[in-house]
Amino acid sequence: MPKVKPRVKSVKDLTELCKRLRSSAKNFKSKLTICGGTGCHASRSQDVIDAVKKELKKRKLEKSVRVRVTGCHGFCEQGPLMILEPGNIFYCGLKPGDAGEIIAETILKGEVIERLLYTDPVTSNKVQTEAEIPFYRAQDRQLLAQNRHVDPCSIEDYIAIGGYSALAKTLTEFSPEKVIKEVKISGLRGRGGGGFPTARKWAECRSAPGEEKYVICNADEGDPGAYMDRSILEGNPHLVIEGMMIGAWAIGARQGYIYVRNEYPLAVKHARIAIQQAREYGLLGDDILGGGFSFDMEICRGGGAFVCGESTALMASLEGKVGEPRPKDVHTVTDGLWHKPTTLNNVETWANVPLIISNGAAWFAGKGTKGSKGTKIFALTGRVKNTGLVEVAMGTPLRTIVFDIGGGAINGRAVKAVQTGGPSGGCLPLDRLDLPVDFDALYDAGSMVGSGGIVVMDEKTCMVDVAKYFLAFLQDESCGKCAPCRLGIDRMLEIVTDITEGRGRPEQIDLLKELADTVASASLCGLGKTSPNPVLSTLRYFPEEYEAHVNEKRCPAGVCRELIEYEIDAEKCNGCGACRRACPHGAIKGKKKEAHVIDSHKCQKCGICLSECKFDSIIVT
Amino acid sequence: MGKYVTLKIDGAGIRAPKGSSVLDVAIEYGICIPHLCHVSNLSDIGACRLCIVENIVNGRSKITTSCTLGVQEGMVILSNTERIKKLRRNIAELLVAQAPNSRAIQDVAVRCGVKEVRYPFRNSDCVLCGRCVRVCEEMWQARAIGFVGRGKDRHVDFPFGVRPDFCKKCGSCIDLCPMTITPCDGPMKPGKEYLCGKCESQLSMASGAMEDTCVWCELGKGFRCARYGHQ
């Protein structure tokens, strides 16, 4: 007989279920939490999970030790990660072979395995718990902290930590107007990039005429290097669902959609399971918790077009049309999906809603700056030591994120710039890193918070090349509907390519500025309007690099192939021959134990010799 | 009552029927806002962005296309400010650099004040204004052609590149295409493109004598300028 899931018919049912789940959790002596998020999955956490389960079965410990595979813990750099309870022992960089030792030593004897602990890079001390690690210490983890306690495929886990209680509170104590008022007091602003006040969007959608309304969750995250929405949806899908239900109650919607990229298979799977479970428990469907509120939702998979993150394009795609934006002279809150009033919010925005309702608007508004409240998750990537997901209170200086949490640049190099906000954001130089992460402050500095990607660049990064990379990305992802975006980005890329390949002329820099202004002002949608940001911000903060490329035909960072030459420093070269053997083009000549020479005609500037030489004798000029 | 709204375009008080677009109203009243993708009686998609105007909302100027902007009571529209002129010139420059072999686009470029083209010419044969696609879909309900691809690869084509049976060969797409009228001196050869600026109407505007006024150019007739569409 399949076990029939209890249907939660009222708020009382929910509280009782929560109590029952909590007490049954005490049956386990110890708990093993292993990160199964995409970052750790890539460092083979599945093998570790299988090995641990096999080992437990062998020792017949399955009943007393609970293995919980969770979503992302954030410190992806050190993965796979494991947390053992009791004791909150934090192990990192695990291998499948470690499973036996962990169970024999830590679980059975309660002894800590030094080798698997995290080493503080500054003091070289071994650190036992998560809280002591510098990466976690400077963070303020509200959304991500839950990931650790929740198996994304188990609604019971979510209910046990108090899940759906915010929904219960909303349905029993709050009128829709009060929900909107509460969100307004909290000062929550859209986390997807625009930073539009969420409460205003909801209020406009609520007052829009029409019976049928929709809520949509935008999980079409496409910025290179950003994966915070992915991690929330993979790690804690019920939080997003609960947030959407509260939002739907506030605006008067009965149907919701999660628009998620098909390239996020785990997020699609977990969200699907979560919706199924919520339906089984009666948390989705008719008369939810006996409060007379009916709501259901569906998943829609996106085809991987970056432009479908734009609200109108997303809705077109959801309707089954070509994912192209349309003019937004009438806002989507009155004329959205199927021409009905629609509220579209980002994953992280929805995820914040239950926290605001349970902890109160004042709690949320207590964090952050004047214009930006609460916490924000950033995906810290690039040439930085500790890559991973970082959640900080708004207003935290970028410097704290890059240096205190991120640990600075890798290989002891100097940080040169930080790119925030993905392809539509801008590059900020080192002396601007004291800027707080705040929607308005970053916007004024020519960048943006965006969806929350932070890419750290070191001194070996050419800023013109960075601009070229982002333009190429945007040219690829532009839908091509409107002329300024399609032709303008193409021409900007043409000019920047000319500059990096040594054909740049001084007047082209002015043309680039003028063109950037045109594209920013006249484009149809957000993608086009923000597309010149990488060019404008690099032109603003690193004009000398453009000038060096154009006037001196020189790439100061030694990146642009057409402008650099590889040479061997005869004094440092000891003739080991490593570079000669490695060169795929046969461009390096020289006798053993004598200084080698690079034939510049044959050299393809691939840089392999540079990485092979152990004596720093290859110079890039 | 209630069927009309009053708004101001470039300072002129205008009474316009509800539901019409700012561009239609402006043309009706003889305020010539350059446009390319707009065709009367077809839907507007705001693709060419030439008809941009400044819409003043609460003292703040918002740049948007007038073809997609519906008239509203008390609206203040500026269609010819220095900023708009500059943006329009740059967009027209991009278009004419892409497709110099169209008299229509050459004309629009000169009308928008393009004096030189600072980009290498590309001699493409389509600017993706989408007139053909919309007339096929909306006027004839045929959908025999559509946009294919994204970004740089976007182009107009038959479904799967084969002319379908439901294409009635009506020729409307060709009629409306701005690329079918070649420049006065004939098609320009690749590598030998230039900004034409030869027509009388163009010259009169380029010299500034009749700047910003629609001259009811003959070209507009053949090209089905929205102005003639109303006749």
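Over all chains, the whole structure holds 37 salt bridges. A salt bridge here is a side-chain nitrogen of Lys or Arg within 4 Å of a carboxyl oxygen of Asp or Glu. This is a predicted model: local features need pLDDT of at least 70, side-chain atom pairs count only at pLDDT 80 or more, and totals for chains, interfaces and linings use all residues. Residues are numbered from 1 along each chain as its sequence is written, chains are lettered from A and ligands numbered from 1 in the order written, and side-chain values use heavy atoms, without hydrogens and water.

Take the pair that joins two chains. A:Asp490 and B:Arg122 meet in a salt bridge at 3.0 Å, N to O. A:Asp490 lies in helix H20 of chain A, and B:Arg122 in the loop between helices H3 (103–111) and H4 (131–139) of chain B. Helices are DSSP runs (H or I, at least four residues), and they are numbered from the N terminus. A:Asp490 is buried at 14% relative accessibility; B:Arg122 is partly exposed at 28%. Buried means under 20% relative accessible area, exposed over 50%, partly exposed in between (1.4 Å probe, protein chains only). A network of salt bridges links A:Asp490, A:Arg491, A:Glu494 and B:Arg122.

Now the interior. A nonpolar core is a set of buried Ala, Val, Leu, Ile, Met, Phe, Trp, Tyr and Cys residues joined through side-chain atoms within 4.5 Å. The largest has 89 residues; A:Ile216, A:Met492, A:Tyr546, B:Leu50 and B:Leu95 touch the most other members. Helix H20 (residues 483–500) of chain A gives the most to this core, 9 residues.

Notes
Helices (H or I, at least four residues) and strands (E, at least two) are DSSP runs, numbered from the N terminus.
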